[in-house]
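Subject: Structure handover

Hello,

Here is the structure for you to open. My notes on what was found in it follow below.

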Amino acid sequence: MKRVINFSAGPAAIPVEVLEQARDEMLDWQGTGCSVMEVSHRGKEYDALHHGAMDLFRELAGMGPEWKILFTTGGASTQFLMLPMNYLGAAGEGKQADYINTGNWSKAAIKEAKRFGAISFPANMEREGGAPNAIPKQAELKLNPAAEYLHYTTNNTIEGTEFHYTPDAKGKPLVADMSSDIFSRPMEFNKHSLIYAGAQKNLGPSGVTVVAIKEDFLAKAKEDLPTMMSYKVFNEHDSMFNTPPCFSIYILDLVLRWLKKNGGLEAMGRVNDAKQKALYSAIDGSSGYYSCPVAPGDRSWMNIVFKLPTPELDEKFIKEAKTAGIVQVKGYRTVGGIRLSAYNAVNLDAVKTTVQFMEEFRKKNG
Ligand code: PMP
């Protein structure tokens, strides 16, 4: 068996200990003589797992009981529509929301939100001739006083930019798509009213999306919605109105336990900081051989994007990295170049090995 250094942007690497435990329990989970995939979601074993995972999520985030944790399906992409459906209603109602546009996934959220209301842009980082490569400063945000909420994307998976501050929504509910940096370090969750994240980067496998809503914001959600689109229904039924993605939630729970065992978000933040410093130092110390389009203050800790001097060298880098056991390093198709997605399960040793590979590649091909 071989394990590679896996920089996939998502679905992404999962801690080996988690995979090993899932393997060991595959045929007989908790003495049931069944896999977790084969037991009723109404049974006591699954129920304990389900609620335990919600509690552990709250604990790791430092969220109090006023936070309701939902497990939804359909990915973060479904949250792009569920959120405005719950808070804006139909387009004809004339409700408004603020969306900060920092790139591809913000735009995808905006596209859906426009179906439900009028969308305003406190900041729009689109630019001519390339992907957005910066994060707006607080002072630049032009908030719409009539907006129901302010939505932003904490980390831009494709562009390699990340908010290193929490936007001040001036008393309005703050909503964040945290899909690609959730639990990578301590964050000011409590300044938000709703956060959501597809699990398949830092939290586990695809198939489950975590939505955390503060109860005062939940109270304002619309009532008369299609059942599976209603935050209130999810909450009232503990995310078990229908059959939840049990196996994904099981792995999510194992990943959360792994996070706790390894020191929680503080410890994760220290490791991720060391990882990002090592990678960006390799880029910045390469005399321009590797170039990152993002200014230091706006750089993502999770998705490190850079280019080599030519597209041909990018290709060679990708190929030789694979031979060296370093995989899934190709940049997103609209952006090109290299992207290293160094989520929580990619450890510091893997990053050091990669930095060494980058230095050797540059010496040979510089
Ligand atoms: N938001 C962000 C920041 C993402 O990175 C992604 C997926 N890469 C999505 C949303 C879409 O997530 P999903 O595939 O879970 O719908």
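A salt bridge here is a side-chain nitrogen of Lys or Arg within 4 Å of a carboxyl oxygen of Asp or Glu. Helices (H or I, at least four residues) and strands (E, at least two) are DSSP runs, numbered from the N terminus. Glu315 has a relative accessible area of 43%, so it is partly exposed. On this scale buried means under 20% relative accessible area, exposed over 50%, and partly exposed in between (1.4 Å probe, protein chains only).

Two notes on the source. This is a predicted model, in which local features need pLDDT of at least 70 and side-chain atom pairs count only at pLDDT 80 or more, while totals for chains, interfaces and linings use all residues. Residues are numbered from 1 along each chain as its sequence is written, and side-chain values use heavy atoms, with hydrogens and water left out.

Side chains of opposite charge can pair when their charged atoms come close.

- Lys222 and Glu93 meet through their side chains at 3.0 Å, N to O. Lys222 is in the loop between helix H5 (215-218) and helix H6 (231-236), and Glu93 in the loop between helix H3 (75-87) and strand E3 (96-99), so the pair ties together parts that are 129 residues apart in sequence. Lys222 is partly exposed, at 23% relative accessibility. Glu93 is partly exposed too, with a relative accessible area of 44%.
- Arg257 pairs with Asp253, and the closest N and O atoms are 2.8 Å apart. Both are in helix H7 (residues 246-261); they are 4 residues apart, so about one helical turn separates them. Asp253 counts as buried because its relative accessibility is 3%.

Overall build

The protein has 10 helices and 13 strands. Its radius of gyration, taken over C-alpha atoms, is 21 Å. A compact globule of 366 residues would have a value near 21 Å, so the two agree. The globule rule is 2.2 Å times the number of residues to the power 0.38. The C-alpha atoms fill a box of roughly 65 × 55 × 30 Å along the principal axes. Of the 366 residues, 56% are buried.

Contact means heavy atoms within 4.5 Å. Take the contacts between residues at least 6 apart in sequence: 68% of them join residues at least 24 apart.

Domains

The domain assignment gives domain 1 (16-261) and domain 2 (264-365). Such bounds come from an automatic or database domain assignment. The domain centres, taken over C-alpha atoms, are 27 Å apart. The contact between them takes 26 residues from domain 1 and 25 residues from domain 2.

Backbone points to check on screen

Most residues other than glycine have a negative phi, and most peptide bonds are trans.

- The peptide bond from Gly10 to Pro11 is cis, with omega near -5°. Pro11 is in the loop between strand E1 (5-6) and H1.
- Phe183 is not a glycine, yet has a positive phi of about 60°. Its place is the loop between strand E8 (174-177) and strand E9 (194-198). Phe183 is buried, at a relative accessible area of 0%.
- Ser287 also has a positive phi, near 50°. Ser287 lies in the loop between helix H8 (264-284) and strand E11 (303-306). At 73% relative accessibility, Ser287 is exposed.

One more serine

Ser184 is in the loop between E8 and E9. Ser184 is buried, with a relative accessible area of 1%. Leaving out residues up to four places away in sequence, Ser184 touches several residues, including Glu162, Asn202, Met268 and Asn344.

Best wishes
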